[in-house]
Amino acid sequence: MKSKRIPTTAFRIATVLGLSAYSALSAKPLDFSSVTAADDVQWWWAVTVADVTNDGIQDIVYINNNAQGGHLGYRIGQTTPGLWEKVIVAETPPTGGEFASGDLETGDFDGDGDIDLIGVKHTGEWDDAKETAEIFWYENPSWTPRPIGDCLGAVKDLSTGDFNNDGLLDLAVLNFNNSQLRVYQQNQDKSFSIVYDTKQRGLHEGMDVGDIDGDGYPDIAANGYAFFSPGKSRKGWSVELIDERWVNQDGDWSQNATKNVCVDIDGDGLDEVFISHSERSGYPIAWYDRNEKGSWTINTVLNELSSCHTLQVYDMDLDGDLDVVAGINKDRAWNLKLREFPVLVMLNDGSGKKWEKNVITEGGIYNGRVADFEGDGDFDLFRLNGHEAKSIEVLVNQVK
């Protein structure tokens, strides 16, 4: 599940008062301190953050050694100096083999108030991307594995959401090899059924969940598509193309690799879709607004950012509107002959149309995650500097 984002209060106030009054709503300048959480990182290509221990501090959830297969575990977040304690949830999947995935998610699958983990059995996308993956959720705190289902190839993205609003958490899975999206709906007996299974040209990487059409049910944005949940109806899922540029690429493995975020940026009560390219150069960071007739308007945050493998949208300066956190994957960008790897916060002026570029650190970022690390009310940034990183740090926001 996505962390709760601050409503765009300042946007609505600025609209009433006029944008000239917006400066009075701004918070103090951004400043971050750095905390190293782990210095033994080994191919943490699948990583996320959640309060697994339910102590009010965010923990880091990961699969170790995604290249050859490793354990599923987490590091216990702490506000005191020192490396975070390692907890191994499972050395291997319940059916044997190895853990490997392009993404990780967490959520309260059994509704008992604590955070459960997802594990994916696979040999890894660079070993045999076509091999069937098996997906499990692990019940906190016993870490008993429960099956969700199979996926016909390496898993690139996972997103949780209650797609039929029955109070049970469901799962969307994006397949690396087959351009395939599957939705697994949780049943009352805690088993899962596939309720949507589609292949679309160019589906590869990049997915998030949000209410895009405003009907009260979560939808899915993946690559350059929007997939609309039918809710409780029998009409089935429907799909719209957001923008051709995100699905029409060819060439090597880097084609159609994106990051997607669903969030209400303009305060209209509907979630818009943010997209960046996670591997190539020449693509913008942009957000898309859907009108009532199903066409989409593009709004540019930044004209171009190469290998933008981090895309998050949160109120980083606590001025009441949503900002964009983005950055370059150093290890991929080096192959693109880049030698500068900024981590950016693009501050929103309140309109969602004008953005102030702020470099908060150098050296790159890979699959960065934003969360309120220590529960003080501002948003922090969890950072690997590249996909070959040996350590992970938290950039702790000093706005509060």
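This is a predicted model: local features need pLDDT of at least 70, side-chain atom pairs count only at pLDDT 80 or more; totals for chains, interfaces and linings use all residues.
Strand 26 supplies four residues to the lining of the second largest cavity, the largest share of that lining.

- Among the residues that line the second largest cavity are Val-47, Ile-60, Tyr-366, Arg-369, Phe-382, Arg-383 and Ile-392.
- Sorted by class, the lining of the second largest cavity has seven nonpolar, three polar and two charged residues.

**The largest cavity**
- The largest cavity has a volume of about 90 Å³, and its lining includes Trp-45, Asn-66, His-122, Glu-125, Trp-126 and Val-155.
- The lining of the largest cavity divides into six nonpolar residues, five polar ones and one charged residue.

- Four strands, in the order 10-11-12-13, form an open sheet with antiparallel pairing.
- Strand 10 (155–161) and strand 13 (192–199) stand at the edges with a single partner strand each, so one side of each has no neighbour in the sheet.
- On average, and with direction ignored, neighbouring strands of this sheet are turned by 20° against each other.
- Strand 12 (residues 180–186) runs antiparallel to strand 13 and is joined to strand 13 by seven bridges, and Val-183 stands opposite Tyr-196 in strand 13.

Notes. Residues are numbered from 1 along each chain as its sequence is written. Side-chain values use heavy atoms; hydrogens and water are left out. Two strands pair if DSSP finds at least two bridges between them. Helices (H or I, at least four residues) and strands (E, at least two) are DSSP runs, numbered from the N terminus. Axes are lines fitted to C-alpha atoms, for helices over the stretch in contact, and angles run from 0 to 180 degrees between N-to-C directions. On a 1 Å grid over the protein atoms alone, a cavity is a set of points where a 1.4 Å probe fits but cannot get out, and a pocket is an open set with protein on both sides within 12 Å along at least five of seven lines; lining residues have an atom within 4 Å of a point. Grid points are joined across faces, edges and corners, and a volume is the space filled by probe spheres set on the points. Ala, Val, Leu, Ile, Met, Phe, Trp, Tyr, Cys and Pro count as nonpolar, Asp, Glu, Lys and Arg as charged, and the others, Gly among them, as polar.
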